[in-house]
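Hi,

Here is the structure I promised to pass on.

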Amino acid sequence: MLWTVLLALLVLLLLQTQLSVCLRDLRTRGSSLSLYSPSSSSSSPSSYNATQQRLPGAIIIGVRKGGTRALLEMLNLHPDVEVAKAEVHYFNVDEHYRRSLSWYRAQMPFTLPGQLTLEKTPGYFAAPQVPVRMWDMNPAVRLLLIVRDPAERLVSDYTQVLHNRLTQHKPYQTLEELLLCKGHINPGYKALQRSLYHQHLARWLEVFPREQIHVVDGDALIRDPFPELRKAERFLDLPPKINPSNFYFNTTKGFYCLLSAGHDKCLDESKGRPHAPLSAQALKKLCQYFRKPNKLFFEMVGRSFSWC
């Protein structure tokens, strides 16, 4: 009986020893495999194709109430373009700018290698500090500037502010009270200053070469989007993927909506909002005031527009 127990203990001891050797061998082999695993190699195809947040290769810099949202949504139809969903205001808000490029990159969408990251903040165009800051980020960044009739832009600008004040039950002044002072155009009115395109563009051209700034005709984009988008595709070095079939005219809203993969999308209700009233006399004075600034802007960009 004693010999039987001793024999059984000896067999158990041998089995335990063999099991320990096997487990040690398995751990060694597993460690070796992990060192050469494709998932851990930085040069592997899966790592190369992984999405990540990248700084924008192109930025829509303005103008405010010029059609920047429409341009962003239309360019987002392109399969090689991913857009930031919200205005970031990184370069024109000091509090944001102090957070560094890491914070800015974190506001961008995830993209694949070869895709273009696109951001739009219309407040960039008229902010004096922005061109140099943007150049410091990337001297090769491509800039899109969408403009429209400066008088119409001014009225649209006021209309948005008026809507916000009415919604918040705040007092407001009429457009003519802000625009005119003793019967003359008030040069201190901020919405007027934002429509002096030549002054703002001059600051950008002190930093960026003219060929790095593409001017989009906002009025033409609303009338017929496709030709303006084809020009933008060429400027951004994108293969031509946006087609006329991506747009249809919505008779109820009065402007073009987008169509992609069987899904349609129209801009929100704030787009196409009826403008605040402005008398014919005041509009005439406004157009006369813009005549010289418009001419200077036309000379700077090498083209003219059918503005008042």
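The second largest pocket comes out at about 220 Å³. A pocket here is an open set of points on a 1 Å grid over the protein atoms alone, where a 1.4 Å probe fits and protein lies on both sides within 12 Å along at least five of seven lines; points are joined across faces, edges and corners, and the volume is the space filled by probe spheres set on them. Lining residues have an atom within 4 Å of a point. There are 13 of them, and Tyr-158, Val-161, Arg-165, Leu-178 and Tyr-189 are the closest to the centre. Helix α7 (150-167) gives the most to this lining, with five residues, and α9 (190-194) supplies at least two. Helices (H or I, at least four residues) and strands (E, at least two) are DSSP runs, numbered from the N terminus. By type, the lining splits into eight nonpolar, one polar and four charged residues.

Bear in mind that this is a predicted model: local features need pLDDT of at least 70, side-chain atom pairs count only at pLDDT 80 or more, and totals for chains, interfaces and linings use all residues. Residues are numbered from 1 along each chain as its sequence is written, and side-chain values use heavy atoms, with hydrogens and water left out.

On to the cores. A nonpolar core is a set of buried Ala, Val, Leu, Ile, Met, Phe, Trp, Tyr and Cys residues joined through side-chain atoms within 4.5 Å. Buried means under 20% relative accessible area, exposed over 50%, and partly exposed in between (1.4 Å probe, protein chains only). The largest core has 30 residues, of which Ile-59, Tyr-124, Met-134 and Trp-204 touch the most other members. Elements giving two or more residues to this core include β2, α6, α10 and α13. Apart from it sits another core, of 26 residues, with Leu-75 and Val-83 among them.

Helix α6 (residues 130-137) has Val-130, Pro-131, Arg-133, Met-134 and Met-137 buried. These cover an arc of only 165 degrees around the axis (taken from the directions from the helix axis to the C-beta atoms), so they are on the same side of α6. Among the elements they pack against are β2 (58-62) and α10 (197-205).

Lastly, Met-300 is in α13 (residues 280-301) and, at 25% relative accessibility, counts as partly exposed. Its contacts (heavy atoms within 4.5 Å) include His-198, Leu-201 and Leu-205. Met-300 and Leu-205 are 95 residues apart in sequence but 9.3 Å apart in space, C-alpha to C-alpha.

Cheers

Note on methods: Nonpolar A, V, L, I, M, F, W, Y, C, P; charged D, E, K, R; others polar. Lists of a residue's contacts leave out its neighbours within four places in sequence.
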